[in-house]
Amino acid sequence: MSADAERDLDLAWELVEAQPTHPKIAELALRVLATQPQRSSALMVLGDHREACGEVGEARRLFLQVAALRNSWFTMAARALRQLESAEDNHDEALRWARTVLGENQEDWDDWMQLGHAQARSGEHEAGWRQLDEAVALCARTAADDLPKALRKRAQYLLESFAPPERFAPAAEEAIRADAADSWVGMLLGYAYLAQYRFDDAEQLALRLLREDPTDDLLRSLLGTARAMLQIVEKARGDDISLADIQGTGALEMAWQQMRDHRLGIDLPSALAALDAVLPADLRATLRPGAADLAGKKVGSMVAKRLVTWHDGQQPGSGAAWGSAEPFRLMSADEIIAMDAEIEADPAAHPDWPENEVWEQVMTDDAGSYLVVVAFGALVRRRPGQPDEPVADSMADWIWDRVAGFGGRDPRPAPRGK
């Protein structure tokens, strides 16, 4: 190979490390490929550049071309495909490439970590979480200097695969012990503490992190919530309110889930934005404009306010436009407020809407049945005189199901029990 081509490739690799979207990378790689179209290093650096530029399909083609050559670059190509498919939420493909990599090299702790991540994201939750633990142990034995990185990755991957707070919290605590300055893991650990009703721990962690960054609004919110809950618990000791009563609302578990989902880009606002991009025209035509001003209006704070801000209800009788088996449509702020007032005025006449429970009605079939968000954020179907029936884990999940049904990209990990 000519010295000029070697220099071109060296420069392309330097650029992809420093400025992966720089157009010079493609120019250099294509100049080499013009004379050596099967040059793996040129194909790989061009693939990295294309992926960084958002040209995922072209990057995948280039990495697959390298993998097909089955030369010394095969493992690197397989790792690149594993990363690409994981980033695109193609969980089963990411798992396939993770296993392919380990068929070539079983010594790198991060390859085992990526296997656990792919397993958990594709639905093999317990096996994946155990594999993450094993990858940390392998790192401790073989690359002790990398242990803080491995601990942080385990915490991140547990979060991304919907591990419950009781599983995430110990992993996050280990990551924080290894790197006390990691405010991202620390903030999420604080909310996990709240979900576990460890209010003192959440307060102390928030105070420590705020000393490092006093301007962080999320940390200030964490501290405020922890202190508010400590006051409630203290007050409850003298009132007829038990910790079980507080736990029954699911409010703190919902706060944890919302923080997690926001971090992963799968929260309700993200779902609604994704839905906007794929809404069929006939459905869009049934939706009213979003509520511009809710000042002074008491609309449910769990999800109803977010929904009516997006679209303030839907034309009566238009629920079939969602394409679901039952014609539920979005309720407007005024409809929700009027219904709440009617229930409050005569609770005995509305036994399906108990005063001592948490609920927000968000959709109706215009025939007496509703979709309702209840404690812990679950979405249920409520029919007169019938027990509530589960519909989705959350309103966000219901929206993501619609996004997927309309052909949009669904970034959620596979559900439990897949």
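A crossing of two helices is called left-handed if the near helix is turned anticlockwise from the far one by less than a right angle. The legends below describe close-up views of a predicted model.

**Figure 1. Helices H1 and H2 cross in the left-handed sense.** Helix H1 covers residues 3-18 and helix H2 covers residues 23-33; their axes come within 9 Å and cross at roughly 150°. That angle makes H1 roughly antiparallel to H2. On the H1 side, the residues in contact are Ala5, Asp8, Leu9, Leu11, Ala12, Leu15 and Val16. They meet Lys24, Ile25, Leu28, Arg31 and Val32 of H2. Sorted by class, this contact of H1 with H2 comprises 9 nonpolar and 3 charged residues, with no polar residue.

**Figure 2. The protein chain as a setting for the close-up views.** The protein chain contains 20 helices and 5 strands. Its C-alpha trace spans about 85 × 50 × 40 Å along the principal axes. Of the 418 residues in the protein chain, 48% are buried. Among contacts between residues at least 6 apart in sequence, 54% join residues that are at least 24 apart.

**Figure 3. Helices H5 and H6 pack at an angle of about 160°.** H5 is formed by residues 74-87 and H6 by residues 91-104, and their axes lie 8 Å apart. The two helices are therefore roughly antiparallel to each other. H5 passes H6 in a left-handed crossing. H5 contributes Phe74, Thr75, Ala78, Arg79, Leu81, Arg82, Glu85 and Ser86 to the contact. From H6 come Glu93, Ala94, Trp97, Ala98, Thr100, Val101 and Glu104. By class, the contact of H5 with H6 has 7 nonpolar, 3 polar and 5 charged residues.

**Figure 4. Aspartate 89 lies in the loop between H5 and H6.** Most residues other than glycine have a negative phi. Aspartate 89 is not a glycine, yet has a positive phi of about 65°. The relative accessibility of aspartate 89 is 12%, so this residue counts as buried, the cut-off being under 20%.

**Figure 5. Glycine 190 is a buried residue of helix H11.** Helix H11 consists of residues 183-195 and includes glycine 190. Glycine 190 counts as buried because its relative accessibility is 0%. When its neighbours within four places in sequence are left aside, glycine 190 is in contact with Ala202, Leu205 and Leu222. Glycine 190 and glutamine 204 are separated by 14 residues in sequence and by 9.0 Å in space, C-alpha to C-alpha.

**Figure 6. Tyrosine 197 lies in the loop between H11 and H12.** Although tyrosine 197 is not a glycine, its phi is positive, at about 65°. Tyrosine 197 is buried, with a relative accessible area of 13%.

**Figure 7. Five strands form an open antiparallel sheet.** The strands are arranged in the order E1-E2-E3-E4-E5, and the pairing is antiparallel. Strand E1 (329-330) and strand E5 (389-392) stand at the edges. Each of these edge strands has a single partner strand, so one side of each is left without a neighbour in the sheet. Strands of a sheet pair through backbone hydrogen bonds. E1 pairs with E2 in the antiparallel sense over 2 bridges. In this pairing, arginine 329 stands opposite threonine 364 in E2.

**Figure 8. Strands E2 and E3 run antiparallel and are joined by 5 bridges.** E2 comprises residues 359-364 and E3 comprises residues 370-374. Tryptophan 359 stands opposite valine 374 in E3. The hairpin of E2 and E3 has 5 residues between the strands, and in this hairpin aspartate 366 takes a positive phi near 65°. E2 is mostly covered, with 6 of its 6 residues buried.

**Figure 9. Helix H19 lies across strands E1, E2 and E3.** H19 is formed by residues 333-345 and runs at about 125° to E2.

Terms used. Residues numbered from 1 in each chain as written. Predicted model: local features only at pLDDT ≥ 70, side-chain atom pairs only at ≥ 80, totals over all residues. Heavy atoms only, no water. Axes fitted to C-alpha atoms, helices over the stretch in contact; angles between N-to-C directions. Helix = DSSP H or I, 4+ residues; strand = E, 2+ residues; numbered from the N terminus. Parallel < 35°, antiparallel > 145°, perpendicular 65-115°, else oblique. Contact = heavy atoms within 4.5 Å. Nonpolar A, V, L, I, M, F, W, Y, C, P; charged D, E, K, R; others polar. Pairing = 2+ DSSP bridges. Buried < 20%, exposed > 50% of the residue type's maximum accessible area, 1.4 Å probe, protein only.
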